[in-house]
Amino acid sequence: EAKKKGKGRFEFFKHELSKKLEEKTELKNDLIESIKNENFDIYFQPKIGKNEDLYGAEVLVRWNHPQRGLLFPNIFLPIAYEKKLITDIDFIVLKKAIKQYKKWENNGLNPGKISCNITTIDLEDENFIDKIKKLLEENEFDAENLILEITEENVMKDPEKNIKFLEELRKLGLGISIDDFGTGYSSLSYLKKLPITELKIDRSFVKDIGKDKDDEEIVRVIILLGRVLNLTIVAEGVETEKQKEFLLLEGVDALQGYLYSPPIKADEFEEKFLRKQNGCQ
Ligand code: C2E
Ligand code: MG
Ligand code: MG
Ligand code: MG
């Protein structure tokens, strides 16, 4: 009897497991199809400077799934990562972002610096850096206005190799930001060698400002570290006035978070942040 029950349960798990696998395969195939059609939308989240000026924006991807609707990165990036589809997606995002930027620029609007996210898988792709170079040239895009964000965890998986790749990228004239900083176990000796221009303090430390003295101390130390290394310091996940006050007082250069805006579409970003800033209202 117990054996029977056990077998039943096993069959159940087997069924669940194969359902999960099936879904994953399906999503993977859909992803491949969507990459062909460039079925991804880009959203912009402002980074606000010290004087409430616009420092720039982070570009965040959403998958416009033909049946399931708009999907967030946490649903599909893990699959894209595993199957190395991520590089194609990142390039589509980059291309769309640059085209949008040029459109704004041609209309006399100034979005500041835009940041796109990349991963170390992209850097392993021999063509990736060349493709970016070409993209910038073809669009006559000033590389000074582009930042590529890569997570600290990603970079520190193989720092020696990644430092080389990032140096190649830096030669194009763009900026490099270490994303989710504080969670990726950087060794200080590597941090010093990294060819980076910006540090983004991870949301997990920002969250408890005003509640947790230890987190406040960590934030202070990160800011100090960023200053010593001569980096622009950005805080992500800023949701309250209290966090904002603390971060500005401690010397953060730019703030990003729901306090100002969630990621929004280009039209809304233009209306709320670009037209206002340029005094065209
Ligand atoms: P990230 O680069 O650290 O981006 C910040 C994430 O935090 C975004 O989530 C953003 O919507 C969210 N966020 C911003 N402000 C707040 C806030 O005040 N509170 C809270 N709770 N969350 C906030 P999203 O858009 O879901 O993206 C998640 C992650 O997916 C990103 O984290 C990034 O690692 C990755 N990602 C997004 N777009 C791309 C892309 O085009 N390429 C690659 N490789 N990764 C991407
Ligand atoms: Mg990012
Ligand atoms: Mg981040
Ligand atoms: Mg983060």
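Q: How far is a nitrogen atom of ligand 1 from an N or O atom in the side chain of glutamate 239?
A: This is a predicted model: local features need pLDDT of at least 70, side-chain atom pairs need 80 or more, and totals for chains, interfaces and linings use all residues. Residues are numbered from 1 along each chain as written, chains are lettered from A and ligands numbered from 1 in written order, and side-chain values use heavy atoms, without hydrogens or water. A polar contact here is a pair of N or O atoms within 3.5 Å. For glutamate 239 and a nitrogen atom of ligand 1, the distance is 2.5 Å.

Q: How much of the area that ligand 1 exposes when taken alone does the protein bury?
A: Accessible area comes from the Shrake-Rupley method with a 1.4 Å probe. Taken alone, ligand 1 exposes 800 Å². The part of this that the protein buries is 83%.

Q: Which element gives the most residues to the shell around ligand 1?
A: Helices (H or I, at least four residues) and strands (E, at least two) are DSSP runs numbered from the N terminus. Those giving two or more residues to the shell are α2 (73-82), α3 (86-106), β6 (175-181) and β2 (54-65). With four residues, the top contributor is β2.

Q: At what distance from a nitrogen atom of ligand 1 does a polar side-chain atom of glutamine 45 lie?
A: Let's start with aspartate 90, where an N or O atom of the side chain is 2.6 Å from a nitrogen atom of ligand 1. For glutamine 45, the distance from a polar side-chain atom to a nitrogen atom of the ligand is 3.0 Å.

Q: Which residue coordinates both the magnesium ion (ligand 3) and the magnesium ion (ligand 2)?
A: Donors are N, O and S atoms within 2.8 Å of the metal (3.2 Å for Na, K and Ca). Ligand 3 is coordinated by Asp179 (OD), Asp180 (OD) and Glu236 (OE), at 1.9 to 2.4 Å, with the donor spacing D-D-x55-E along the chain. Ligands 3 and 2 are 3.8 Å apart, and the residue that coordinates both is aspartate 179.

Q: How far apart in sequence are the parts that aspartate 180 and glutamate 236 tie together?
A: The magnesium ion (ligand 4) is coordinated by Asp180 (OD) and Glu236 (OE), at 2.3 to 2.5 Å. Aspartate 180 also coordinates ligand 3, a magnesium ion 2.9 Å from ligand 4. Because aspartate 180 lies in strand β6 and glutamate 236 in the loop between β8 (232-235) and α11 (241-250), the pair ties together parts whose separation in sequence is 56 residues.

Technical notes:
Polar contact = N/O pair within 3.5 Å; in protein donor to acceptor, adjacent residues only side chain to side chain.
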